[in-house]
Amino acid sequence: MERLIVLRCPSLAREGQEGEELRRFAEVLTTVVRRCPFVQPVRLGLAVLPARAPSRFFGGERAVCDLLTDDLSDLLGDKVSLGAADGLFAATLAARGGLIVPAEGSAEFLAHLSMATLRRPELAATCQRLGVSTLGRFARLDVDRVIERFGTEGVHCHRVASGLEGELDGLRDPTIQTRLAALDEPPPLAVQPTFFGGTSLATERAQAAAWRVQRRFHPSMVQVARLRAGHDPSERAVLVPFASIGDLGTEALAPWPGQIPAPSPMTVLSTPEPVELVDPAGTPVTVDGRGLLTGVPGQIHLARSPRPDEVAAWAGPWPLTTRWWGDRRRRARLQVVTSSGVALLLGAEHGRWWMLGRYD
Amino acid sequence: MAEMGLDLRRAVFVSRPRAGWADVAAEMLDGMELVVLHPPDRIPHGAARVLAARARERRAALVVIVDDPRRWPLPAEVTLEVEGSSWQGIGMGDGRLSARRCEVSVRGRHGKVRERIVPIWLPSPAGTVRVVSGS
């Protein structure tokens, strides 16, 4: 996990009516850029920089933090704190106390912190009732139980609390870069997104093009894809605005129970469409309590098509049972190929079929 | 697409630019090496000409996805069309979708490329995109 230094300016964390905080935060970034060109804003009053290069150059992470504190003292007085750790979540919390958490020590550091640091009040409240009040105790919960109780979001928090994942969703303000860029002054160079994985001329040109489109049309128009763990295709790929990116698509994907192996559908419907599935005699086919089909699929009728299609092949159903507070949500997945060669991913829930995606 | 080998760190997506789609595509051609465009139903001749010229000037590749090649108002350097496809690995209640074999026709502008049909795995059982070997 990447070693990061986080810089916190608590006095600039809340936006006042004049927008003064945003301007001052831009000044902070401009100051930091002089020493560390790769600094990136996370949200108002919070910025992050990769620790490796500057600490090698300035003689250690502590030295970098001291140097930047010094640089910023004219601007902020003592209202700035810096810290270092592995991953953005731990580094942000380290910065609160001005701590340098040793490499590989993030999990241990996080273990003593309160569940409130995850910024998920419901999760924290539920865990409190279960007697789980620290990240360490939460991390020790069995991951299967976490899936059952708290779903994908809970597993994400669990991985963050365990130090397996460095970045907590929601930590970054996706608008901060564009807002900084919109200030009258040209933004410091490093505020522009620096990714595409390289620094070649072609990379720079590609970045510039994406940046121009974003400026000219709409800040959230240009997006990048990010993969994450999840049951369904719709949970596994998300598009996020170009400017708001941390480490992109680099999240190691753990095998996920209930996930249908690749290939994934090319088109994933954001709102599943109802589908009728019947056997050759016209009797509806559903999934029974044991997770088996009640009949042989013969015809499929899609919501948007005028007539039913013949089913040429099918596979499944694969059951998918998730629990939310004991309320069992029984779902199943079925792959269907129609006689015209179209392959579909269907989902069954509450005795109905839905089209979740198309293998275009 | 990531499963088939696209490096998501090197791709950006622009969803539904609506009226400005041609401008967005032109801007993208200025910087990107490859632009994949799924245009709306009506494609003005002028917009197509501007984009083709921009791609040539910038040495970028422009791939236009349309349901009928005639909808793109200019002759393309190369036209690829899926003539037929079949899924493999899935049976009557067993297996799963594992690979798809597509018959893709290749045509060049002014007959520069010999017209032929190439079988392509999209994806192959290993998840990659490649020409079906032995053909």
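This section describes a predicted model with chains A and B, beginning with the separate chains and ending with the contact between them.

In chain A, four strands form an open sheet in the order E2-E3-E1-E4, and the pairing is antiparallel. Strand E2 (40–43) and strand E4 (81–86) of chain A each have a single partner strand, so one side of each is left without a neighbour in the sheet. Direction ignored, neighbouring strands of this sheet are turned by 30° against each other on average. Strands of a sheet pair through backbone hydrogen bonds, which may be arranged in a parallel or an antiparallel manner. Within the sheet of chain A, strand E1 (residues 3–8) and strand E3 (residues 46–50) are joined in the antiparallel sense by 5 bridges. One example is Leu7(A), whose bridge partner in E3(A) is Ala47(A). A helix of chain A is also placed against this part of the chain: helix H3 (residues 61–76) lies across E1 and E4 of chain A. The direction of H3(A) is at about 155° to that of E4(A).

Chain B contains 2 helices and 7 strands. Along its sequence these elements follow the pattern β-α-β-α-β-β-β-β-β. Chain B has 135 residues, of which 17% count as buried. Among the contacts in chain B with a separation of 6 or more, 45% are between residues 24 or more positions apart.

The sheet of chain B comprises 4 strands in the order E4-E5-E6-E7; it is open, and its pairing is antiparallel. Its edge strands are E4 (78–90) and E7 (130–131) of chain B, each of which pairs on one side only.

The helices of chain B are considered next. Two packed helices are described by the angle between their axes and the distance between the axes. The axes of helix H1 (residues 21–31) and helix H2 (residues 45–58) of chain B come within 9 Å and cross at roughly 5°. Because angles under 35 degrees count as roughly parallel, H1(B) is roughly parallel to H2(B). From H1(B), the residues that meet the other helix are Ala22(B), Ala25(B), Ala26(B), Leu29(B) and Asp30(B). Their counterparts in H2(B) are Ala47(B), Val50(B), Leu51(B), Arg54(B), Ala55(B) and Arg58(B). The residues of this helix contact divide into 8 nonpolar and 3 charged, with no polar residues.

The contact between the chains takes 34 residues from chain A and 32 residues from chain B. On the side of chain A that touches chain B, helix H10 (201–216), strand E5 (222–227), strand E9 (309–324) and strand E10 (327–338) each supply at least two residues. The largest share of that side, 8 residues, comes from H10(A). By residue class, the side of chain A that touches chain B has 26 nonpolar, 6 polar and 2 charged residues. Strand pairing also links the two chains: E5(A) is joined by 2 bridges to strand E1 (residues 13–14) of chain B, and these strands run antiparallel. Here Val222(A) has Val14(B), in E1(B), as its bridge partner.

How values were computed
Residues are numbered from 1 along each chain as its sequence is written. Chains are lettered from A and ligands numbered from 1 in the order in which they are written. This is a predicted model: local features need pLDDT of at least 70, side-chain atom pairs count only at pLDDT 80 or more; totals for chains, interfaces and linings use all residues. Two residues are in contact if their C-beta atoms, placed from the backbone, lie within 7 Å. Ala, Val, Leu, Ile, Met, Phe, Trp, Tyr, Cys and Pro count as nonpolar, Asp, Glu, Lys and Arg as charged, and the others, Gly among them, as polar. Two strands pair if DSSP finds at least two bridges between them. A residue is buried if 20 or more other C-beta atoms lie within 10 Å of its own, exposed if 12 or fewer, and partly exposed in between; C-beta atoms are placed from the backbone. Axes are lines fitted to C-alpha atoms, for helices over the stretch in contact, and angles run from 0 to 180 degrees between N-to-C directions. Angles under 35 degrees count as roughly parallel, over 145 as roughly antiparallel, 65 to 115 as roughly perpendicular and the rest as oblique.
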